[in-house]
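Dear colleague,

Please find below the structure that I am handing over to you. A summary of the findings follows it.

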Amino acid sequence: MKQQREHWASRVGFILAAAGSAIGIGSVWRFPYTVGENGGGAFVLLYIIFTFVIGFPLFISELTIGRRAQKAAVFAYADLSKGKGNWKLLGWLNLISCFIILSYYSVVAGWCLSYVLMSLTQFSQGKSPEQIKHVFDILFTSADVNILWLFIFILINVGVVISGVRKGIEYWSKILTPALFVILIGLFIYATTMPGFSRAASFLFYPDFSRLTPSGVLNALGMAFFTLSVGLGIILTYGSYMKSSEDITKNGFIVTMMTLLVSLIAALMIFPIVFTFNFAPAGGPGLAFKTMPVLFAQLPGGLVISTVFFVLLVFTALTSSISLLEMLVANLIELFKWSRIKASIIAASIAFALGVPSALSGSKTLFPNWKEIYGKDFFDTMNYITQSWMMPVAGLLTTIFIGWILKKSDVKAELTSGSKIWSKWFPVWLFLVRFIVPAAIIVIVLQEAGIVNFIELFSNTQ
Ligand code: PHE
């Protein structure tokens with residue numbers, strides 16, 4: 001008997017689940033530190049442009065492919081291409097990327113869990129800002145503690161995914177995503193009163209292009225992909241649970257705007273602290289973990305606020321990591337006909353094993369010479385290859401697939417089925433997806449690979 005595919009119970013449920021995947025520690029933890037490392041305003045501007053011109057068209061492309069196929073990534077590409085070419089390999093690329101991201105993302109989520117406990121034990125009491133910051137370095141270099149939290153976080157993921165995903169994800173996302181918004185906005189309002197706020201605002205919004213490097217451009221693209229969770233087949237999988245009466249474009253736009261907003265608010269909350277206390281803006285992955293407790297230590301009731309903040313970070317990480325695990329599980333079930341339980345346990349075990357070297361990056365107990373050899377520690381290497389290479393390349397192939405391989409009339413019917421008003425925008429989207437998005441990705445990636453130096457070419461012609 002053919003099993004009926006489960007669909008989202010409500011439109012709000014879908015939006016919050018997709019937003020739950022997109023909004024995560026990527027926005028609150030990674031975006032601010034990447035902005036810091038890439039010099040501020042110009043990077044932020046590029047990130048915003050890439051989000052609208054590249055991320056958003058791709059987001060709705062993935063939803064369209066998923067809903068059309070009613071399958072997870074590997075079979076969606078295989079079925080829709082009708083065996084032409086080897087498009088299922090794109091699904092496999094998605095799968096591998098998701099394994100790698102889940103592995104190191106869980107390490108960061110583990111830090112969030114650790115900060116919940118640290119908040120409860122009042123770790124920042126009686127410490128100077130420098131001492132509070134230093135606690136992160138101690139955590140980062142403690143092998144066993146990192147492994148413990150990684151394990152616990154992955155275990156929580158398995159629990160949720162096994163016990164009926166959609167009910168789990170939909171239910172929790174509805175509560176947690178709005179809760180995160182409220183606390184972020186509260187902290188942001190407080191940050192506006194700090195002496196460093198105006199410097200932070202000009203750092204973030206005054207685009208100084210002299211500080212932008214070619215790598216920064218690739219990073220901004222990677223960031224747009226990462227925060228929207230595109231280029232991974234996840235949004236595609238979520239699209240496969242969507243009803244055909246849903247408006248893909250409108251829903252996609254709402255999620256894109258929410259994600260962008262959270263990233264910007266997170267940066268506007270963290271940089272005033274950085275400038276008020278004279279921290280280095282290029283503080284690296286520890287930035288959010290170092291700065292936020294310094295702020296909390298200043299506030300009355302800091303213990304409660306700090307605990308609530310890190311609990312919410314854990315939850316927002318969870319709604320993202322669950323989307324990664326769900327994508328893996330959905331594919332493994334379809335590929336190997338495993339039960340959901342078996343697929344969840346196997347996927348999580350692989351992610352845990354892959355996460356171990358990332359969790360041990362700080363303590364250098366495994367691969368101690370990795371950084372000397374590859375220039376980045378293991379954690380950063382995984383971070384870099386997925387964000388800067390695997391996701392953009394998969395995104396490029398996805399646009400080629402939907403723009404050139406699928407039949408235009410089918411794509412139009414699927415994309416606009418929930419709302420006819422978007423029909424007149426279809427040619428604009430198609431133009432973006434066929435020409436602009438692939439061209440932009442190719443240029444940026446070739447530049448980073450050092451194959452063609454567009455920046456030099458461009459400046460020579462002036
Ligand atoms: N978009 C999520 C975030 O910003 C991270 C993520 C990336 C989740 C890729 C799923 C896939 O935190």
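Thr398 counts as buried because its relative accessibility is 0%, where buried means under 20% relative accessible area, exposed over 50% and partly exposed in between, with a 1.4 Å probe and protein chains only. Please note that this is a predicted model, in which local features need pLDDT of at least 70 and side-chain atom pairs count only at pLDDT 80 or more, while totals for chains, interfaces and linings use all residues. Residues are numbered from 1 along each chain as its sequence is written, and side-chain values use heavy atoms, with hydrogens and water left out.

Thr398 belongs to helix H17 (residues 378-405); helices are DSSP runs of H or I with at least four residues, numbered from the N terminus. Setting aside neighbours within four places in sequence, Thr398 is in contact with Leu58, Glu62, Ile65, Tyr77 and Leu90, contact meaning heavy atoms within 4.5 Å. The side chains of Thr398 and Tyr77 are also joined by a polar contact of 3.4 Å. A polar contact is a pair of N or O atoms within 3.5 Å; within protein, one must be able to donate a hydrogen and the other to accept it, and residues adjacent in sequence count only if both atoms are side-chain atoms.

**Helices H3 and H4**

Tyr77 is one of the buried residues of helix H4 (residues 73-80), together with Ala73, Val74, Ala76 and Leu80. The cover over the buried residues of H4 includes helix H3 (41-69), helix H5 (88-120), helix H11 (234-239), H14 and H17. Just after H4, Lys82 takes a positive phi of about 50°.

Within helix H3 lies Thr64, which counts as buried because its relative accessibility is 2%. Not counting residues up to four places away in sequence, Thr64 touches Ile248, Ile402, Val411, Glu414 and Leu415.

Gln70 is found in the loop between H3 and H4. Although Gln70 is not a glycine, its phi is positive, at about 55°. The relative accessible area of Gln70 is 25%, so this residue is partly exposed.

**The ligand site**

The ligand sits in the largest cavity. On a 1 Å grid over the protein atoms alone, a cavity is a set of points where a 1.4 Å probe fits but cannot get out, and a molecule sits in one if more than half of its atoms lie within 2 Å of its grid points. Helix H1 (11-22), helix H2 (25-37), helix H10 (214-228) and helix H14 (302-336) each give two or more residues to the shell around the ligand.

Which residues come nearest to the ligand? Of the 15 residues around the ligand, they are Ala22, Gly26, Tyr105, Phe226 and Ser229, a residue being near if one of its heavy atoms lies within 4 Å. A polar side-chain atom of Tyr105 lies 2.6 Å from an oxygen atom of the ligand. A backbone N or O atom of Phe226 is 2.8 Å from a ligand nitrogen atom, and for Thr227 a backbone N or O atom is 3.1 Å from a nitrogen atom of the ligand.

**A further loop residue**

Asn278 is placed in the loop between helix H12 (248-276) and helix H13 (287-298). Asn278 counts as exposed because its relative accessibility is 64%.

Yours sincerely

Methods
1 Å grid on protein atoms, 1.4 Å probe; cavity = no way out; pocket = protein on both sides within 12 Å on 5 of 7 lines; lining within 4 Å.
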